[in-house]
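Subject: Structure handover

Hello,

Here is the structure I promised to pass on. Please load it first, then read my notes below.

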Amino acid sequence: GIRRTAGIFVDVASRVAKAKRYARALVHPVAPVLDATRDMVINYNKTLKRLVDASPDLVWLDFFDGFFDGGGGFRADFELDGTHLHPRYLD
C-alpha cells in the first residue's frame, strides 16, 4: 500500500543521499494531475511528507497545496495535456 511504497522510496532516497554524500536530498511531491487518481496522490503525499520529514537525509519540497485551485481541483494553468504537468508550474 501507500505506507509500504513511500517507505521504500524514503529508504532508497536516503541511501542514495548518503552514498553521494549529499547534505540532504530534495523530495518533490507527486503531482495530482489526474482526476481519477487525485485522492490517492493526496494520501500518498501526506504519508511521504511525514516519512521525509522524519528523515535526516531528506527535505520535503513543501509546495503541494499550490497545485490546487480555490475549489480543490487541479489548477488549469498547470495542465498540459490532461495527463502531464505543465512546466510553467516552476515559474
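Predicted model: local features only at pLDDT ≥ 70, side-chain atom pairs only at ≥ 80, totals over all residues.

D77 counts as partly exposed, because its relative accessibility is 32%. D77 sits in the segment after β2. Setting aside neighbours within four places in sequence, D77 contacts H86 and R88. The C-alpha atoms of D77 and R88 are 7.8 Å apart, with a sequence separation of 11 residues.

Now the overall layout. The protein has 2 helices and 2 strands. Along the sequence they follow the pattern α-β-α-β. The C-alpha trace spans about 40 × 30 × 20 Å along its principal axes. The protein has 91 residues, and 33% of them are buried. What share of the contacts with a separation of 6 or more links residues 24 or more positions apart? The figure is 62%.

Next, the helix pair. Two packed helices are described by the angle between their axes and the distance between the axes. Helix α1 covers residues 2-19, and helix α2 covers residues 38-53. Their axes come within 9 Å and cross at roughly 45°.

By type, the contact residues of α1 and α2 split into 9 nonpolar, 4 polar and 1 charged.

On to the cores. In soluble globular proteins, nonpolar side chains tend to be buried together. The largest nonpolar core here has 12 residues. They are A6, V10, A13, A17, A25, V27, Y44, L48, L51, V52, L58 and W60. At least two residues of this core come from each of α1, β1 (25-27), α2 and β2 (58-60). There is also a second, separate core of 8 residues. Among its members are V33, V41, F64 and F78.

Two members of the largest core deserve a look, V27 and A25. Leaving out residues up to four places away in sequence, V27 touches F9, L48, V52, L58, V59, W60 and L61. A25 is in strand β1. A25 counts as buried because its relative accessibility is 16%, and the cut-off for buried is under 20%. With residues up to four places away in sequence again left out, A25 touches A17, D57, L58 and V59. A25 and G72 are 47 residues apart along the chain, and their C-alpha atoms are separated by 29 Å.

F64 belongs to the second core. F64 lies in the segment after β2. Is F64 buried or exposed? F64 is buried, since its relative accessible area is 9%. Not counting residues up to four places away in sequence, F64 touches P29, V30, P32, V41, I42 and N45. F64 and T83 are 19 residues apart in sequence, with 17 Å between their C-alpha atoms.

How is the backbone of R21 set in phi? R21 has a positive phi of about 60°, although it is not a glycine. R21 counts as exposed because its relative accessibility is 76%. A23 is exposed too, because its relative accessible area is 73%. A23 and P56 are 33 residues apart in sequence. Their C-alpha atoms are 9.2 Å apart in space.

Best wishes

Methods
Residues numbered from 1 in each chain as written. Heavy atoms only, no water. Axes fitted to C-alpha atoms, helices over the stretch in contact; angles between N-to-C directions. Helix = DSSP H or I, 4+ residues; strand = E, 2+ residues; numbered from the N terminus. Nonpolar A, V, L, I, M, F, W, Y, C, P; charged D, E, K, R; others polar. Core = buried A, V, L, I, M, F, W, Y, C linked by side-chain atoms within 4.5 Å. Buried < 20%, exposed > 50% of the residue type's maximum accessible area, 1.4 Å probe, protein only. Contact = heavy atoms within 4.5 Å.
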